[in-house]
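Trainee: I would like a close look at a single part of this model. Please keep it brisk.

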Amino acid sequence: MGLGLLGRGIGDVIFLAEEGAILTVTDLKTATELAPSLEELKKAFGSAYDKIVFTLGGHRLEDFRNKNFILKAAGVPLDSSYIDEARKNNIPIEMSAALFAAFTQATVVGVTGTRGKSTVTHLLYEILKAGYKKGNVFIGGNIKGMSSLPLLRETKAGDIAVLELVSWHLQGFGEREISPHISIFTTFFPDHLNYYNGDLASYFGDKANIFKYQTEKDILILGEQVEETLLRDFPEYEKEIRSKIIIANPQDISPNWQIKIPGEHNQANIACALGAAKALGIPDQLIQNAVQTFK
């Protein structure tokens, strides 16, 4: 549900079809609007392209019945009548990043926040690539042009997958009642309120899925700003946290480091990545080297 033009939907379709799924692809956009994505699929599948059923320019209720699951794109409205139809028919609602996290054997590191999540995701990925020696390191989630699902073929036990997770992706984690093994929550500000109908608590509720289902063995890294917000505005969530909490403190960054990304906000971002890297056992010198070369 939602092929889109950013490339993630294309990757989802290709992966599922290659795994043998019988697919219906539905999108509110027309075939003309989706022409670049459809061309990519034609290149990937050749004559097998005709085996995919397309419902474009709108959705049909009948497409949300008699299916094994619905793979919902990020940003599908909370009150979608089509998702309601699937639920009435006891059809599971899945999302790409959460489906990957549920089945991969890799350690999953999830990064969310109103601001900072892209910087922290990419910085941590670079630190781990330089310093993690027990397996391979992958990046996924909210990365343009990339589906997380094909990483299921590549990741194995001992590997690490760093996922940038927006609030919509985290709806999928809530559906499955899972959270990443290591979670980073950078900041929380009023945003996306057009999507959440002005309800800030609903927005936070989706974000909270990043830690809600963690266990005592898991780690939650909170930016200082989000820690204050959590304690002040959402104490009911704070009481439910079972994982080990690390507060990302910018003062942990040595003043001698030659950092190329400017601003106090990036000090906070680096502190978040630092907390995760140390929790994963990356030596200080390798962390410093990676931070100092990151642009």
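Trainee: What covers the buried residues of H2?

Mentor: The cover includes H1 and strand E2 (53-56). First, the ground rules. This is a predicted model, where local features need pLDDT of at least 70, side-chain atom pairs count only at pLDDT 80 or more, and totals for chains, interfaces and linings use all residues. Residues are numbered from 1 along each chain as its sequence is written, and side-chain values use heavy atoms, with hydrogens and water left out. Helices (H or I, at least four residues) and strands (E, at least two) are DSSP runs, numbered from the N terminus.

Now H2 itself. Its buried residues are Ser37, Leu38, Leu41 and Phe45; buried means under 20% relative accessible area, with a 1.4 Å probe and protein chains only. They sit on the same side of H2, because their arc around the axis is only 95°. That arc is taken over the directions from the helix axis to the C-beta atoms. The face turned away from this side carries Pro36 and Lys43, both exposed (over 50%).

Next, the partner. The axes of H1 (residues 8-18) and H2 (residues 35-45) come within 10 Å and cross at roughly 25°. That makes H1 roughly parallel to H2 (angles under 35 degrees). Axes here are lines fitted to C-alpha atoms over the stretch in contact, and angles run from 0 to 180 degrees between N-to-C directions. H1 brings Ile10, Val13, Ile14 and Ala17 to the contact, and H2 brings Ser37, Glu40, Leu41, Ala44 and Phe45; contact means heavy atoms within 4.5 Å. Finally, glycine 46 follows H2, with a positive phi near 60°.

Note on methods:
Parallel < 35°, antiparallel > 145°, perpendicular 65-115°, else oblique.
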